[in-house]
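Please read them alongside the model.

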Amino acid sequence: MAIVTSVIHLYFNTVSTLSELWTSALHFGLFGLICALTTPMLKARSVSGQRLVLGVDVFLGLAALACAVYLMLFENALYERGVNFSTGDWIFSIAAVLLILEFARRTVGWFIPVLCILALSYVAWWGQYVDGIFNFPGLTWETVLFRSYIGGQGMLGSIARISWTYVFMFILFGAFLVKSGAGDFIIELARCAAGRFVGGPGFVAVFSSGLMGSVSGSSVANTVSTGVITIPLMRKAGFPPRFAAGVEAAASTGGQLMPPVMGAGAFIMASYTQVSYLTIISVAALPALLYFLSVAMFVRIEAKRSHAIKLEDDNTPSLKEVLKDGWHFLLPLVVLVAALVYGFTPTYAAGIAILSVIVASWLSKHPMGPKDILEAMVMGARNITTTAILLITVGLIVMVVSTTGIGNTFSIMITDWAGGSLLITIVLVALASLILGMGLPVTAAYIVLATLSAPAIYNLIAQSQLLDMVMNGNLPEQAKSIFMLVAPDKLELLNSPMDRATAQQLLASVPDTFSNQLLEQALSPATLSMALVAAHMVIFWLSQDSNVTPPVCLTAFAAAAIAGTPQMRTGFTAWKLAKGLYIVPLLFAYSPLITGDFDQMLQVFCFALFGIYAIVAGLEGYLEHPLNPVVRVLMFPIGVLMLWPHGQILFDVAGLVIFIIAFVWSSRHGRRLARPAAA
């Protein structure tokens, strides 16, 4: 069934001319059947009970497929009746919604099904009894079911389309890469590149998780695939077991941030923002590198403190040997990027890259044959089943949010709570992401948060950029015309620079009805698009924190199981090591890390790198040797000085110089202390 599903989806994404609704329906039916066959409804102890459960599962899986076929056969008849439900429409619409909720319960637990039931009943029933801004008059159940299943707005809407296009193709691409042996090559490449340094096994964990994340896009998959090798290596080198597990969990979480796959986030972000997928993965590269380097900083400091040894292994091949034997594994990634740059759509690029994996494997000692290709298809379909079910289900929540307008209401409410402060808004979104992450997988948490809060963050980021233009006296002439209408007496002020308070008062004089028009007149469409991408990046990064933040941190728990360490304590260690998840989103909002030109992005990246290193040193109380309390406390303002968006490069340079002096002093002091010990 998995092979058939993969072949059909390859057809969908290459030469098919079926409507998107019909394709989404078949996507639901096929993966509903696979989910029913692979995830039993419940565990039965007796043989007869197991047969009964299997029979029910087969029936439910075929029922999901029947719902898809029914939609294809009777959609036109429904419209010919003026969208008046027949008995069959009622039965199959209700069945489809109940089936996807049941499949979601099996794969990700009760939280999402309960949330969907509350959302759908809010639209049809209890929303009219809610007072205040969340009051909703209500729709009939017939309308709710139509929008949920047939109308192409709910479970078979835009989120399902993302699932059967981008997500499926790239996860299948990752499965082909792994099956061809690229996973082993990545780990070997990381071992020979970083394994011989002091603390090298820790760097191997960071490096290999970053490379593996570019293939799988799953933090838990990264942990279990690379952790079984890197965690024992780190322990053997002298790292504490809990720290080793925390490093693997924190580094594997970065797999969701590493282009080109980024889980499903990059595809959903491209759909929400209408910014090209290639642009999104381009601006995501430097921040992802910054995150992995921040984890590597903790590794280096702990290696020095724990006196981790070098793992000299005569059997470990050299970098030249590894590249000589496995250089062809890099070809598919090159083909993928080249196809995207050339102008192919992401789905076509992924299809070409899948073919290149097969061709590249013929250059290795173990070329992929028909059996390997079929097994890769099975692996790909199995790997995406949970994600497909999740995305189809979340489509119901997105439909409710768009139907009721609750997203705009929530954004206004967040803005009111934050008092117009971008920082407080980000803090509120971070808290919401942590709470949602306890019950929702990362992808679902991002979709829900993006739907609810992205408009608020986008508006505040755009307003911040507009404020900078007014302060610098660079407001375009067409934007000044707005002030001619609303505040003609203030027009002269716009021709010269001014302080922040004056600029804020000037913008506050613009009525809300003109605020969006002012933004469009002052900022270019490209600038506004990148501000929207920055808002989504903030939410996407913050939504990852549930992977490493107790009490529910599945990635840390998986690493703890490999290391044999306490789960909750490992979770807190991973949370400390993943501090980049909270620092980098602030750079998205306040600096040109992803909204500026390349020179600006590189400048922010370089100073942020040393700024984060200073903060890590302050947290750990260690650089090249233990820091005294005064220097340790000093590390925090030094780091903040290089991270703060003050716009003055002299301050950044001053912070960098002070940090370098502290680093050199720490290094020399550590060597002086080491000499008597060696003697």
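1. The lining of the largest cavity comprises five nonpolar, three polar and no charged residues (Ala, Val, Leu, Ile, Met, Phe, Trp, Tyr, Cys and Pro count as nonpolar, Asp, Glu, Lys and Arg as charged, the others, Gly among them, as polar). The lining residues are L177, S180, H328, F329, P332, V357, A360 and S361. Two or more of them come from each of α7 (158-180) and α16 (346-361), and α16 gives the largest share, three residues. Helices are DSSP runs of H or I, at least four residues, numbered from the N terminus.

2. This is a predicted model, in which local features need pLDDT of at least 70 and side-chain atom pairs pLDDT 80 or more, while totals for chains, interfaces and linings use all residues. Residues are numbered from 1 along each chain as its sequence is written, and side-chain values use heavy atoms, without hydrogens and water.

3. The largest cavity holds about 40 Å³ of space. On a 1 Å grid over the protein atoms alone, a cavity is a set of points where a 1.4 Å probe fits but cannot get out, and lining residues have an atom within 4 Å of a point; volume is the space filled by probe spheres set on the points, which are joined across faces, edges and corners.

4. The second largest cavity has about 30 Å³. Helix α3 (residues 47-80) supplies the largest share of its lining, five residues. Its lining has five nonpolar, no polar and two charged residues.

5. In α1, A2, T5, I8, H9 and F12 meet T23, L26, H27, L30, F31 and I34 of α2 (contact: heavy atoms within 4.5 Å). These contact residues divide into seven nonpolar, four polar and no charged.

Technical notes: On a 1 Å grid over the protein atoms alone, a cavity is a set of points where a 1.4 Å probe fits but cannot get out, and a pocket is an open set with protein on both sides within 12 Å along at least five of seven lines; lining residues have an atom within 4 Å of a point.
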